[in-house]
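Please have the sequence and the 3D view open as you read.

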Amino acid sequence: MLSEFKAFIMRGNVLDLAVGVIIGGAFTGLVKSLTTNLIGPIIAFATGGHSDLDKLQLVISKTLTFKYGAFLNDLINFLITAFVVFILVKVINRVFKANKEEAVKVNPELEVLTEIRNLLETEKKA
């Protein structure tokens, strides 16, 4: 059973997934830092409010508080992450499309040889 588990873990897809999860975790920390340390203070400077978006809240009563700043923080994090993933997918699709176009291009010599073969086959039948 241990050898089967080792074979499963060492498959390419599992290793790629593990690397993706690790890089994704690091990227999430980077985006959170960008939002907290750069975007938050810029918004605070522009609005004259708090430098930490998490502190923004709407107090209705002592027991009812809406912490909309935390939501704004998470929304900005999501939008940055989604935009980076969008750009990454776009670049990858462009690379794969270029590779596909190269693969589709037929060698001109092969076309000529195919035509000669076809002509020989028609002459043989006639």
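## About the model

This is a predicted model, in which local features need pLDDT of at least 70 and side-chain atom pairs count only at pLDDT 80 or more, while totals for chains, interfaces and linings use all residues. Residues are numbered from 1 along each chain as its sequence is written, and side-chain values use heavy atoms, with hydrogens and water left out.

## The chain as a whole

The protein chain has four helices and two strands, arranged along the sequence as α-α-β-β-α-α. These elements are DSSP runs numbered from the N terminus (helices: H or I, at least four residues; strands: E, at least two).

Of its 126 residues, 9% count as buried, meaning under 20% relative accessible area, with exposed over 50% and partly exposed in between (1.4 Å probe, protein chains only).

## A nonpolar surface patch

Helix α3 (residues 68-104) gives the largest share, six residues.

Phe-66 belongs to strand β2 (residues 65-66). Phe-66 counts as partly exposed because its relative accessibility is 44%.

## Asn-77 in helix α3

Asn-77 is part of helix α3, and Asn-77 counts as buried because its relative accessibility is 12%. Leaving aside residues up to four places away in sequence, Asn-77 touches Val-31, Lys-32 and Thr-35; contact here means heavy atoms within 4.5 Å.
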